[in-house]
Amino acid sequence: MPLTSFGDLLDEQLTDPKVAQLYEQECRRLDAAVAVSRAREQAHLTQEQLAERSGLSRNTIIRIERGNTNPSMKTLDRIARAMGKQVHLSIG
């Protein structure tokens, strides 16, 4: 029996609209996690420092960076401002 690559399996699964929607939601959550984590590290801030500056709890920062929550634009804006940055939205 031939092996199926992950890409082929994913492509097959994404033909289901419900699976595609869940996949897109997960991608957005993980994009936010990576963006916040990278920006914080580039700003040379600990999670605790970012939490203090943004007025959010450290647990909130941790959940966002782990991809365990889908942060609102308001929350992302608070985090960005705490680092002297701005959130940019792209619709494509």
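**Salt bridges and helices**

A: E26 and R29 both sit in helix α2, three residues apart, which is about one turn of the helix; helices here are DSSP runs of H or I with at least four residues, numbered from the N terminus. This is a predicted model, in which local features need pLDDT of at least 70, side-chain atom pairs count only at pLDDT 80 or more, and totals for chains, interfaces and linings use all residues. Residues are numbered from 1 along each chain as its sequence is written, and side-chain values use heavy atoms, with hydrogens and water left out.

Q: OK, and what does E26 form with R29?
A: E26 forms a salt bridge with R29, with the closest N and O atoms 2.6 Å apart; the term covers a side-chain nitrogen of Lys or Arg within 4 Å of a carboxyl oxygen of Asp or Glu.

Q: How many salt bridges does the structure hold?
A: There are three salt bridges. Another joins R40 and E65, where the closest N and O atoms are 2.6 Å apart. That pair links distant parts of the chain, since R40 is in helix α2 and E65 in helix α4, 25 residues apart.

Q: Are R40 and E65 buried or exposed?
A: Both R40 and E65 are buried, where buried means under 20% relative accessible area, exposed means over 50%, and partly exposed lies in between (1.4 Å probe, protein chains only).

Q: And which residue does R81 meet in a salt bridge?
A: The side chain of R81 meets that of D77, at 2.8 Å from N to O. R81 is exposed, with a relative accessible area of 61%, whereas D77 is partly exposed at 27%.

Q: Switching topic, at what angle do α3 and α4 pack?
A: Helix α3 (residues 47-54) and helix α4 (residues 58-65) pack at about 115°, with their axes 8 Å apart; the axes are lines fitted to C-alpha atoms over the stretch in contact, and angles run from 0 to 180 degrees between N-to-C directions.

Q: Which residues meet there?
A: Q47, E48, L50, A51 and S54 in α3 meet R58, I61, I62 and E65 in α4, contact being heavy atoms within 4.5 Å.

Q: What about H44, where does it lie?
A: H44 lies in the loop between α2 (17-42) and α3, and it has a positive phi of about 55° although it is not a glycine. With 71% relative accessibility, H44 counts as exposed.

Terms used
Helix = DSSP H or I, 4+ residues; strand = E, 2+ residues; numbered from the N terminus.
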